[in-house]
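Please keep the structure open while you read.

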There are 2 protein chains.
Amino acid sequence: MAQRFADRFDRILEARDSLLCVGLDPDPELGPETSRGSPAALGRFVRGIVEATRPYAAAYKMQLACYLRHGSAGVRVLEDAVESVGPEPLKILDLKANDIANTMRHVHAAAFGRWDFDAVTITPWLGWETLAPFLETPERGFFVVAHSSNPGAPDFQEIPTPRGPLWHAVLAEVRRLAQEHGNAGAVVGAPYADAVATARAALGPRVPMLVPGVGAQGGALDAVVPAGLDDRGRGLLVNASRSILYADAGTGWKRAAAAEAERLRGEINRRRAAVRTARAARA
Amino acid sequence: MAQRFADRFDRILEARDSLLCVGLDPDPELGPETSRGSPAALGRFVRGIVEATRPYAAAYKMQLACYLRHGSAGVRVLEDAVESVGPEPLKILDLKANDIANTMRHVHAAAFGRWDFDAVTITPWLGWETLAPFLETPERGFFVVAHSSNPGAPDFQEIPTPRGPLWHAVLAEVRRLAQEHGNAGAVVGAPYADAVATARAALGPRVPMLVPGVGAQGGALDAVVPAGLDDRGRGLLVNASRSILYADAGTGWKRAAAAEAERLRGEINRRRAAVRTARAARA
């Protein structure tokens, strides 16, 4: 039987000694000159970022909309990029999928059948039953957006209910699904550092957490890394997109992306080592 | 200045004397033999459905995931289909988009820049501020999923809050955005017929409502049409996908799709005429 996603997630992060997820989310208004003007240029840029950051990345996350805006040729860039990554690092299709179960079957077929992603991102607005297609394939994962990284996150996610803010119910259900199927995780935005700690406490250990929003969106590693690690000092993936892709908007973009990915991985690992040391001292 | 989406929606539905939205949501397990096996076959099928149903449709809705599952070649089918529809009927990209505002800009660019859709579907989980890019283009619309058509809809949408079930707050905000920008609408699933009436009462007149879930999902026109029309007997779009696309799974698919679209348009219009007559008699 194939390995459950949570186990594969854990194994790959350990083997690569990295918690860094590189967000391949190209923005046509920000990229270096060479990345613009044609899908071919975009493809060279994305493949260049993959080559440059591969030694430091535990995962790549690809935001579907960044490719869709270039039409079918953009989606072709996406599928070439997925292929170029190969079986490792992990590949996450970021599309915040959410629809009736029958449609979620098509999302599943796209991400895991047509393409070889390891996981997708999901929002829960249409209800838990819509996740059914994803529960049938424990070797492929899904990250439910529990608390997002943006200013509007509280509008729905923090609606008070008799059992606490609404997003706490999301965490509880993700935990249950993770225990039962071994392939559920949660997205929790870095700018809400308290939320990351709350999420880890509610999810328990060994449930993957994907934390976007460090760097350009203002999340701080000092807060996020200790808060998001589980009791083994594992289970956490920290995403950075713009700060890596646009580390240098000139001809040095590839070298600068590699340097920034290496630096970020180091910054994260340094904080993880401190957490592990402190925990070992207490034990 | 370009016409606001709500006005265009109203004008096209009246001019075409139809409230029917044909869902171009091809399912590889259900289509006639001729629609399967290659993107080219899928493209011929979708174009054939458009040709067959054009006289009866006020709008087409295209579920992105049905095309994504065929990869970039599938997305090419989608963009060819959008082009083949032309400026009318309306074209709605159904992708339940929902992400941080910066990503929603890319969704906007895909739907309205790269492609010529008239509107998209949206879910609100990440908060209202994420809709900002859509408020800047009043001539293009967005339909927020207020109450979906599936069994799991109540999980989040009907969470009790001090001001009623959560989805009522969605209706109130859609109404406010519609009044201010003229391009907001709501998705309300047909199987919850009471929800359609609740939504119309809360939205008021002239706010477009898209109602999926008649036919295969069990919604009944008898309940939906009177409940969803505004006080002018307008403002409603009823979507049917599977019942039209798969009216005949054999060689007669194109003729059968035309017949079913014509029948559905007639069934809807008959009920609308009864509503208008009854209201005129009361006035």
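1. Basis. This is a predicted model, in which local features need pLDDT of at least 70, side-chain atom pairs count only at pLDDT 80 or more, and totals for chains, interfaces and linings use all residues. Residues are numbered from 1 along each chain as its sequence is written, chains are lettered from A and ligands numbered from 1 in the order in which they are written, and side-chain values use heavy atoms, with hydrogens and water left out.

2. Ring pairs. Rings of Phe, Tyr and Trp (its six-membered ring) pair if their centres lie within 6.5 Å; planes under 30 degrees apart are stacked, over 60 edge-to-face, and the rest tilted. The count is 20 aromatic pairs over all chains. Phe134(A) and Phe142(A) have ring centres 6.2 Å apart and planes at 65°, so they are edge-to-face. Both Phe134(A) and Phe142(A) are buried (under 20% relative accessible area; exposed is over 50%, partly exposed in between; 1.4 Å probe, protein chains only).

3. A tilted pair in chain B. The ring centres of Phe9(B) and Phe143(B) are 6.2 Å apart with planes at 55°, so the pair is tilted. Phe9(B) sits in helix H1 (residues 5-15) and Phe143(B) in strand E5 (residues 141-147) of chain B, so the pair ties together parts 134 residues apart in sequence. Helices (H or I, at least four residues) and strands (E, at least two) are DSSP runs, numbered from the N terminus. Phe9(B) is buried at 2% relative accessible area. Phe143(B) is buried too, at 0%.

4. Helix H4 of chain B. This helix (residues 71-85) has 15 residues and reaches 22 Å from first C-alpha to last, close to the expected 21 Å. The expected span is 1.5 Å times one less than the number of residues. Its buried residues include Gly71(B), Val75(B) and Leu78(B). Just after H4(B), Gly86(B) takes a positive phi of about 75°.

5. Salt bridges. Here a side-chain nitrogen of Lys or Arg lies within 4 Å of a carboxyl oxygen of Asp or Glu. Asp118(A) bridges to Arg8(A), with the closest N and O atoms 2.3 Å apart. That pair links distant parts of the chain, 110 residues apart. Both Asp118(A) and Arg8(A) are buried.

6. Between chains. Glu29(B) forms a salt bridge with Arg105(A), the closest N and O atoms being 3.6 Å apart. Glu29(B) is exposed at 56% relative accessibility. Arg105(A) is partly exposed at 27%.
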